[in-house]
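Dear colleague,

I am writing to hand over the structure discussed in our group. Please find it below, followed by an account of what was found in it.

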Amino acid sequence: MQRYVSLNQNKDFLRLYYRGKSCAKPSVVVYAAKNRAGVCRIGITTSKKIGNAVERNRSRRIIKAAWQNVFRDNQIKGNWDFVFVARNKTKFQKSTVVANAIADSLKELGIIDEKRSD
RNA sequence: AGAGUGAGUUGGGCAGUUGCGGUUUGCUUUUUGCAAAACGAGGAAAGUCCGAGCUCCACACAGCAGGGUAACGGCUAACGGCCGCCGAGGGUGACCUUAGGGAAAGUGCAACAGAAAUAAACCGCCUGAUUUCAGGUAAGGAUGGAAAGGCGAGGUAAGAGCUCACCGGCGUGCAGGAGACUGCACGGCCAUGUAAACCCUACCCGGAGCAACAUCAACAGAAUUCAGGAAUACCUGAGCGCCAGCUGGGCGAAUAUUCGAAAGAUGGCUUGAGCCUUCGGGCAACUGAAGGCCUAGAUAGAUAAUUGCCUUAAAAGACAGAACUCGGCUUACAGACUCAGUCGCAAA
RNA sequence: GCUGCUAUGGCGCAGUCGGUAGCGCGCAUCCUUGGUAAGGAUGAGGUCACCGGUUCAAAUCCGGUUAGCAGCU
């Protein structure tokens with residue numbers, strides 16, 4: 001299993017916000033777009049509205065753990081860039097809840113198959 | 001048992017599964033990848049309010065300007081910090097608070113009210129004159145935060161430190177103390193408040209900050225001047241750039257420097273005024289010796305997710321995330337625990 | 001991470017060597033007009049971001065807190 005590759009350029013985030021497909025859930029917002037990098041890359045946004053540094057770090061870790069569960073349990077067609085935006089509820093939720101939310105979002109966007117996500 | 005005071009500790013633990021960060025070791029070996037091991041956020045990491053180390057700017061210089069501190073003695077690398085102690089204020093008490101030099105060097109300000117605000121006569125009182133006034137007087141009234149030291153007695157035409165006792169303040173002398181200061185005696189009777197207003201006195205401070213700075217890579221542009229003497233090299237004068245503000249003074253010039261543009265890699269980056277234990281010195285802050293230990297170094301940013309058990313009356317919950325590093329201060333903080341004083345009540 | 005600046009009526013701003021806080025636009029009422037706009041008159045609206053200190057007295061001086069904004073490779 002390969003570790004995640006993170007997005008760190010502001011232009012990558014802007015590209016997903018303007019060009020990518022999006023799906024909003026109460027716990028997390030997902031943006032997705034295809035890339036040519038050969039791997040799947042993710043970026044996590046935690047704004048100052050979430051809270052102080054501890055709460056932002058907490059949200060980031062929960063999303064990262066949820067993404068690792070989704071990436072392990074599902075087959076992703078092609079290479080995509082993802083941006084996950086934390087919301088106010090994220091820091092109070094378990095990572096399993098957030099993982100279900102991400103999986104549902106990716107199904108709606110047609111990135112993963114319905115069958116494999118049991 | 002109750003109320004209250006001070007000081008300190010802690011800030012969940014254990015195990016399983018899936019994962020993360022740099023380090024070390026081994027295998028593979030151009031990078032890289034794989035495996036194993038131990039380690040991996042705080043008491044405030046926060047605010048950035050002080051003080052230092054470190055780096056660059058003349059290994060940093062002088063004067064002015066500017067800023068800071070403020071009883072006294074000590075501790076410290078240093079400090080605006082800490083300890084002790086003095087004065088003042090508060091509390092029945094344990095104890096707490098305290099930017100606490102100088103207003104007799106000078107200047108400014110003191111609104112409104114009040115007759116008058118640093119200088120005195122509005123009412124009143126007394127004397128002369130006789131209803132216009134002149135003089136004396138700070139006892140009493142009224143205003144104010146503050147009204148000419150307070151209060152009592154003598155004294156006087158009425159009054160007044162005019163005189164006296166006590167208290168307060170100032171000065172001098174003596175005694176005690178390391179000193180601030182305290183106690184006693186004597187003297188004269190004067191001094192509003194404000195210095196977190198300017199200021200004076202004493203002491204301290206050069207500037208900027210790890211996004212500093214160094215090396216490598218990359219880079220399209222601009223500037224590096226003029227005069228005189230001389231030998232292209234040097235000297236003199238002016239200019240330019242840098243040296244936190246001004247003045248002096250200093251430094252600089254072609255594989256170099258400065259400005260601009262671009263923003264990438266590596267170092268700086270963790271062994272340090274370090275931590276623990278024992279013994280010694282000191283009332284204490286702190287310090288000396290011996291022994292032991294190595295305890296985060298990321299660069300969009302690593303400590304997570306999930307399950308079970310323990311602790312708890314119950315629920316793992318408060319405040320909160322290192323970013324060059326230390327010493328403090330301030331602010332935020334659920335719960336739990338320890339120690340030492342105090343007060344009144346009851347009982348013995 | 002570091003360095004600065006700001007907070008005053010609904011909005012934009014004065015006032016900061018202390019002495020009872022104002023201006024413009026906006027708002028309300030009245031006048032003017034057949035009616036409206038413009039104009040004129042009157043009025044309301046303020047914990048001077050918050051907490052403490054100095055002072056007789058603080059928007060102002062001093063310390064702390066909160067929020068917002070700007071700059072630095």
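In which loop does Lys 25 lie? Lys 25 is in the loop that runs between strand 2 (21–24) and strand 3 (28–34). Please bear in mind throughout that this is a predicted model.

The surroundings of Lys 25 may be described next. Once its neighbours within four places in sequence are set aside, Lys 25 is in contact with Arg 87, Ala 101, Asp 104, Ser 105 and Glu 108. With one of these residues, Glu 108, the side chain of Lys 25 forms a polar contact of 3.1 Å. Glu 108 falls within helix 3, which spans residues 95–108.

I turn now to the packing of helices. The axis of helix 3 and that of helix 2 (residues 53–73) come within 8 Å of each other and cross at roughly 55°. Because of this angle, helix 2 is oblique to helix 3. The crossing of helix 2 past helix 3 is right-handed. From helix 2, the contact is made by Ile 62, Ala 65, Ala 66, Trp 67, Asn 69 and Val 70; helix 3 contributes Ser 95, Val 98, Ala 99, Ile 102, Ala 103 and Leu 106. By class, the residues of this contact comprise 10 nonpolar and 2 polar, with no charged residue among them.

The remaining findings concern the RNA. RNA strand B is surrounded by 16 residues, of which Asn 57, Arg 58, Arg 61, Lys 94 and Ser 95 are the closest. Of the atoms of RNA strand B that come within 4 Å of the protein, 74% belong to sugar and phosphate. Helix 2 gives the most to the surface near RNA strand B, supplying 9 residues. This surface divides into 4 nonpolar, 6 polar and 6 charged residues.

A polar side-chain atom of Asn 57 is placed 3.1 Å from a base nitrogen of RNA strand B. For Arg 61, a polar side-chain atom lies 2.5 Å from a base oxygen of RNA strand B. Ser 95, listed among the closest residues to RNA strand B, also takes part in the contact of helix 3 with helix 2.

With kind regards

Definitions and conventions: Residues are numbered from 1 along each chain as its sequence is written. Chains are lettered from A and ligands numbered from 1 in the order in which they are written. This is a predicted model: local features need pLDDT of at least 70, side-chain atom pairs count only at pLDDT 80 or more; totals for chains, interfaces and linings use all residues. Side-chain values use heavy atoms; hydrogens and water are left out. Axes are lines fitted to C-alpha atoms, for helices over the stretch in contact, and angles run from 0 to 180 degrees between N-to-C directions. Helices (H or I, at least four residues) and strands (E, at least two) are DSSP runs, numbered from the N terminus. Angles under 35 degrees count as roughly parallel, over 145 as roughly antiparallel, 65 to 115 as roughly perpendicular and the rest as oblique. A crossing is left-handed if the near helix is turned anticlockwise from the far one by less than a right angle, and right-handed if clockwise. Contact means heavy atoms within 4.5 Å. Ala, Val, Leu, Ile, Met, Phe, Trp, Tyr, Cys and Pro count as nonpolar, Asp, Glu, Lys and Arg as charged, and the others, Gly among them, as polar. A polar contact is a pair of N or O atoms within 3.5 Å; within protein, one must be able to donate a hydrogen and the other to accept it, and residues adjacent in sequence count only if both atoms are side-chain atoms. A residue is near a molecule or strand if one of its heavy atoms lies within 4 Å of it.
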